2 protein chains.
Amino acid sequence: MNNAPASPSFRPLYEQIKVLITQSLIAGEWRPGEAIPSEMELAARFKVSQGTVRKAVDELAAENILVRRQGKGTYVATHNEEHTKLRFLRLTAADGKKELLENQLLECNRGKATAEMARQLGLKTGASIIEVKRLLSFSGKPVILDHIIIPAAPFKGLNGSKIQDNNGSMYSMYETQYGIRMVRAEERLKAIAADEASAQLLGVAVGTPLLRIERVSCTYGDKPMEWRLGLCVTEEHHYRNELE
Amino acid sequence: MNNAPASPSFRPLYEQIKVLITQSLIAGEWRPGEAIPSEMELAARFKVSQGTVRKAVDELAAENILVRRQGKGTYVATHNEEHTKLRFLRLTAADGKKELLENQLLECNRGKATAEMARQLGLKTGASIIEVKRLLSFSGKPVILDHIIIPAAPFKGLNGSKIQDNNGSMYSMYETQYGIRMVRAEERLKAIAADEASAQLLGVAVGTPLLRIERVSCTYGDKPMEWRLGLCVTEEHHYRNELE
DNA sequence: GAGTGGTCTAGACCACCAA
DNA sequence: TGGTGGTCTAGACCACTCA
């Protein structure tokens, strides 16, 4: 119905629709795993043509924020399903075999954000945080030692048992317990030598080369919500990456 | 003009157009950096509407195979321009500063593919290959020790001086000298300890943890064309990655 | 069969670029 | 000023899912 691109703010209509849909996701109007309204309904709601909604949804689907299912509808993407559960876990066995993943919780404490951590997570220095340490094992062998920090405010009441429930997927837990979905993450990888504490937990010799993965994960609107440091034994595993 | 999806092979028209465009790229009809025909011309050539061509080109642009420039035309993507030159190089300084990159050629030999290498590159065991070893330095400090293997057939006449010419970018050289563009790559990362030879060349102590990057790069049609093993000192650098 | 997303078309107008 | 890609619309028909 709106024939010309809106003159005041010159951004394409479909980008404005994208923003509106994202805002509804932030507001929790549709939770992870739920269906959003059909293209026709959205078109009516935003007073644009179906094609414009389609382009907005196409891009959100390309960003793994929505999932289209032909004949059924468009859904809010989730880390819960088998296929997408470990989407951010790039570590696989060298021989490509599928492995059983075990999760051992080591610590779960409250604390205050350091200046550096506050900067990473967009908080104020000294803000309340939750700190988790855990050990992930593949087929019984320790492989990843994780140190995870999240702001306490959005994750009220989080404790060790909630983490244990979701068979090791923190992202799955964030979604089902708090409706918070991580849509993007940035990682920095380095090779380091295992120190005494890490070596003992991972069952390797001190000085063993480890892959150090530092990750900041963001929810809708690129808002950082989790900082994570993983130390990985890469003797029998490697980190897969695709460049395009 | 074609109102119904073609009945014999049921694939969307725009996918067929994508294939046709890709074939022209393989055939070298348009070389890296050149403009391809306008959307209207392509639509006429393939006897479809402009919108269908647009969708095909959109996807090829999303895959970094084509580049659209509003008001000018659509171009074959390249590794030559400043912005895209080091697209596959994910290593950056820890402090984010820009650095001067130097390239020191160590070896450039002909050889025969081992069974494993032949498998990786889609060749027959014993096929002729070219083997390159080089050292990349950032601001004078050695950082990456590369071992590169490519099939000899498509790269006739390649030698050390051609590698030196393109200020260290092999991909740039492949394009300008042979019209072969790498569009995709798959990497496997591990942490290993520096052996004697690597340690000496990289100027670190034996046993220093190194980031080991194994990469297979593919040209149009996902045809593998280069295998590469990089050993990286990550004391002052890290490998950046974005997960979506 | 009704409803959803998926494809294709045709035509209008806008923004950008170069001559 | 003319050509290019970019946006938006409207309508037709196809493919898939489910009741």
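**Helices and a two-chain sheet in a predicted model**

Q: At about what angle does helix H6 of chain B run to S10(B)?
A: This is a predicted model, where local features need pLDDT of at least 70, side-chain atom pairs count only at pLDDT 80 or more, and totals for chains, interfaces and linings use all residues. Helix H6 (residues 170-178) of chain B lies across strands S6 (128-138), S7 (141-151), S8 (182-193), S9 and S10 of chain B. Axes are lines fitted to C-alpha atoms, for helices over the stretch in contact (heavy atoms within 4.5 Å). Between N-to-C directions, on a scale from 0 to 180 degrees, H6 runs to S10(B) at about 155°.

Q: Which residue is the bridge partner of B:Cys218?
A: Residues are numbered from 1 along each chain as its sequence is written, and chains are lettered from A in the order in which they are written. Strand S9 (residues 209-219) and strand S10 (residues 223-233) of chain B run antiparallel, joined by 10 bridges. In S10(B), the partner of B:Cys218 is B:Pro224.

Q: Which strands stand at the edges of the open sheet?
A: The sheet has 8 strands, in the order S4(A)-S11(A)-S8(B)-S9(B)-S10(B)-S7(B)-S6(B)-S5(B). Strands pair if DSSP finds at least two bridges between them. Each edge strand has a single partner, so one side is left without a neighbour in the sheet: S4 (91-93) of chain A and S5 (101-112) of chain B.

Q: Within what arc do the buried residues of H1(A) fall?
A: Buried means under 20% relative accessible area (1.4 Å probe, protein chains only). In H1(A), the buried residues include A:Tyr14, A:Ile17 and A:Leu25. Seen down the helix axis, the buried residues line one face, because they fall within an arc of 155°.

Notes
Side-chain values use heavy atoms; hydrogens and water are left out. Buried means under 20% relative accessible area, exposed over 50%, partly exposed in between (1.4 Å probe, protein chains only). Helices (H or I, at least four residues) and strands (E, at least two) are DSSP runs, numbered from the N terminus. The arc is that of the directions from the helix axis to the C-beta atoms.
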